Amino acid sequence: MPASPAWLSEGAPHVWRPYCQMKTAPAPLTVARTEGCRIVLEDGRELVDGIASWWTACHGYNHPHIRQAVEAQLARAPHVMFGGLAHEPAYRLASRLAALLPGELDHVFFAESGSVSVEIAMKMALQYWINRGVAGRTKFLAFLGGYHGDTLATMTVCDPEEGMHSLFAGVMPAQPVVALPVNAASEAALDALLAERGQEIAAMIVEPRVQGAGGMLFHDDEVLRRLRRLADRHDVLLIFDEIFVGFGRTGDLFACTGSGVTPDIVTLSKALTGGTLPLSAAIASRRIFEAFWSDDPGAALMHGPTYMANPLACAAANASLDIFETGQWRADVARIAEGLEAGLAPCRAAPGVVDVRVRGAIGVVEFDRPVAVGALCAGFAQEGVWIRPMGKVVYLTPPYPISEGELAQLTGAVCKVVGANG
């Protein structure tokens, strides 16, 4: 084995890594650079990235159009505060997002991370009712299998049993977390709950089509139609968390456009900048925004992240939208879906596998118990791919431009390693 680079050994005692017990976790792989759909390690190995760096690098790494846009913006103004100042990249991006989203989702509030955008959406929903003079709407209704972030408020709307945050039970106010209305019986149960408790619920929040970090759980668009009907019937707001599925991952640019269901607020992040810089947005309908439009300063949304609407990030996001406008991503996602269906099918016979499923550019192999993340990651790296399982699933969410050979390498590695470690 080659020696560890000096920066790793010198920095390791000081870096707190995510999602791992640092006393026992294997050392991380050391990255020298990225290119296309590959991560190049310090030792010269190249790994095909099967998860697009947590679903962000949808166009692959170092896309020349995004790089040029960021370089040009860096020369002009890398950052200015958004309080009292305006700049072209943010205003143009807001206009473009509003044009792409359905209905009256016209009002864009920028932040830096997905978790924060969900917190902002929750804050918008709470203050919407306060500004309208409605008291008691302080709860959020969320769904089993859901994940919406790691900050304190977002932890309360994650699945309390299957999620990562059971340790914090009781720290924050408990929220009602129930089953998705996948059939008439569960719709009736949710209808009854809202009839009983609707006057205390500010909004329902859901990951449309695919619940991501909670287990890559799929549901159809009829679920979203049921949620919209129930939200309207009981006068409850509806929030779509499209941080994972937004920007083409399920085959439509946004789940809300493809499903025909328009929420009151939608959150976006992850692939918003094509995996280059942190940026997120909570985008509200005209109905929500009008509750804040007032001569009363106290009715304003008092929120403003320091790096809100960072010009570099907004420039990257505008460049990413340019790439989406070419339309090539649609053919790429369809091609990836076909490759995942065929390539992962042999995993159905692997020990412990209970399901193999594909939707758009998402492929999932689910096991009957939690998987050994470290062992599987090491096995995948030996096969020349970067895949990081979670919970009970090994999943693939590759960059859209991935080649046929690279996709086959990913699915082949999953089948081989899953069979060997079953």
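## Pockets and their surroundings

The lining of the largest pocket is made up of 25 nonpolar, seven polar and five charged residues. This description rests on a predicted model, and the values that follow are computed from it. The largest pocket has a volume of about 1,200 Å³, and 37 residues line it, with Arg 17, Ala 27, Pro 28, Leu 29 and Trp 386 lying nearest its centre.

Several elements take part in this lining: strand S1 (31-35), strand S2 (38-41), helix H2 (52-55) and H13 each supply at least two residues. Of the contributors to the lining of the largest pocket, H13 gives the most, with six residues. Helix H13 covers residues 373-382, and within this helix Leu 376, Cys 377, Gly 379, Phe 380 and Ala 381 are buried. After H13 comes Gly 384, which has a positive phi, near 80°.

The second largest pocket has a volume of about 970 Å³. Its lining consists of 40 residues, among which Tyr 19, Trp 55, Tyr 147, Met 164 and Ala 213 are the closest to the centre. Two or more residues of the lining of the second largest pocket come from each of H2, helix H5 (114-131) and strand S16 (393-396). Both domain 1 (6-62 + 327-418) and domain 2 (77-326) are represented in the lining of the second largest pocket, each with at least three residues.

## A serine in helix H9

Ser 259 belongs to helix H9, which spans residues 255-259. Is Ser 259 buried or exposed? Ser 259 counts as buried because its relative accessibility is 7%, and the cut-off for buried is under 20%.

The side chain of Ser 259 reaches the backbone oxygen of Ala 255, at 2.8 Å. When its neighbours within four places in sequence are left aside, Ser 259 is in contact with Arg 209, Asp 221, Leu 224 and Arg 225. Taken together, Ser 259 is a buried residue whose side chain reaches a backbone oxygen in Ala 255, and Arg 209 and Asp 221 are among the residues in contact with Ser 259 beyond those sequence neighbours.

Conventions. Residues numbered from 1 in each chain as written. Predicted model: local features only at pLDDT ≥ 70, side-chain atom pairs only at ≥ 80, totals over all residues. Heavy atoms only, no water. Helix = DSSP H or I, 4+ residues; strand = E, 2+ residues; numbered from the N terminus. Buried < 20%, exposed > 50% of the residue type's maximum accessible area, 1.4 Å probe, protein only. Polar contact = N/O pair within 3.5 Å; in protein donor to acceptor, adjacent residues only side chain to side chain. Contact = heavy atoms within 4.5 Å. 1 Å grid on protein atoms, 1.4 Å probe; cavity = no way out; pocket = protein on both sides within 12 Å on 5 of 7 lines; lining within 4 Å. Points joined across faces, edges and corners; volume = space filled by probe spheres on them. Nonpolar A, V, L, I, M, F, W, Y, C, P; charged D, E, K, R; others polar. Domains from an automatic or database assignment.
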